[in-house]
Amino acid sequence: MSIRRSVAIRAAVGLGTVLCLSVVTACGGGGSGTASSTDGKVEGSIKFQTWNLRANFKGYFEGVIKDFEKQYPGTKVDWVDQPADNYADKLSADASAGSLPDVVNLSPDLAYPLAKAGMLLNLDKDKVASKFKPEYLEGAWQGFGMPGMDGTYSFPWYLNSGPLFYNKKVFKDGGLDPQKPPKTFDELFATAGQLAKKGKATLGQPPTIEDFGRYGVEPMDKDGRKFTLNSAKGVELLTKYKKLYDEGGLHKQTLTLKDDSTGTKFLQQEIAMNPGSAHDLETFKKNAPSLYENLGITEVPTNTGKQNMYLQGLSVNSQSKNAATAVAFAHFVTDRKNQEAFGKKVAVFPSTKGSLEKDYWTKEDGTEDGKIRVASAKMLPGAVNYTPVLFSDEMKTILRNEIAKCFLGKAAPKAALDSAVEQMNKLLAQN
């Protein structure tokens, strides 16, 4: 049930481990302090790096930079934008060479190795940066906390999430109330069990690490030294999914379907529920009008009361020669005014408190984009990032493979999770 949004801005997923190896080795880890004071005068030049944004948002960023330089006379911001591909490699090279930009666009997994190497400013420990904490959503600020480390290492920037689509006709035909989609995992499993009796699959994917998080499973220990998905609660979740698989509540091809393939199965009305976007709404309207007429939009079920968020941030180089200006600029770009303006240019959401309460994110405007924007915005104020910063693509594959063994009866739920955790912890130890 995991939702990975494909938006105009490239999301960062699973690159942290690649970066970690060379950065920590080059820097020796544990660096501290800044080369200049963050409470000094805001003046002089800094370098600002984004991740594949220039092509679509050149005018926006040039405008923000111009406004900053006007507000702080004597400042100069040199903006560089790196391509989407090999961004982790570029960060690693810059870090090793001591040329990391003053302000750099990072996701939590990419921030971790840099923070561990002492190369990012700890905002919670800085007397200037820490004052801005109340301006941001709590979950977004905490999203840049690092396992085994005390503090936050990036100003939260744009967020993303997404709602769950469901087929009201399938619900009705299955004897369910189409106006009452499941809100918790118990309700989800009950719904899926009921529909399975009618020969209809509910979901197209096995559980992901985000699903474990929404169920209430702690994926790692607090120090980030080992995975803990094989806890009693984790085994409980997988046991319920195994039962669902055996009953037919998951699509018969669930072990081979890719994330994007489940969208096709939902369009073909072979599954009853699936994550979606505004683009999907247009597709349903054009290619599956009977589905579109019976389409429901709801939140993803959760036992914690908190939805999952994907986030990006702006980090400050702890060795910046112009730290006061770097902190001022990182905050300026991510303040409420500029985040709201950016959120209206692309399908992302501001991380500043109060922004998601505005009409643009609370009232539909009659468009397909508007429907999804409002539905998604409702999920974010209390959302958290359930994906550990140390969870790599290789680990994702390990977890999926062990779950497949469980579904196929080759391993009991606990044995499958024990094996997954053992393999993932070995990868952790290598780093």
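Arg214 is buried, with a relative accessible area of 2% (buried is under 20%, exposed over 50%, partly exposed in between; 1.4 Å probe, protein chains only). Its salt-bridge partner is Asp211, with the closest N and O atoms 2.8 Å apart. This is a predicted model: local features need pLDDT of at least 70, side-chain atom pairs count only at pLDDT 80 or more, and totals for chains, interfaces and linings use all residues. Residues are numbered from 1 along each chain as its sequence is written, and side-chain values use heavy atoms, without hydrogens and water.

**Salt bridges**

- The structure holds 20 salt bridges (a side-chain nitrogen of Lys or Arg within 4 Å of a carboxyl oxygen of Asp or Glu).
- Asp211 is buried too, at 0% relative accessibility.
- Arg214 and Asp211 sit 3 residues apart in helix α8 (residues 209–215), so about one helical turn separates them. Helices are DSSP runs (H or I, at least four residues), numbered from the N terminus.
- Lys363 pairs with Asp359 at 3.7 Å between the closest N and O atoms. Lys363 is exposed at 51%, and Asp359 is partly exposed at 48%.
- Arg373 meets Asp365 at 3.1 Å, N to O. Arg373 is buried at 12%, whereas Asp365 is partly exposed at 46%.
- Shared partners join Lys285, Glu368 and Lys371 into one salt-bridge network.

Note on methods. Helices (H or I, at least four residues) and strands (E, at least two) are DSSP runs, numbered from the N terminus.
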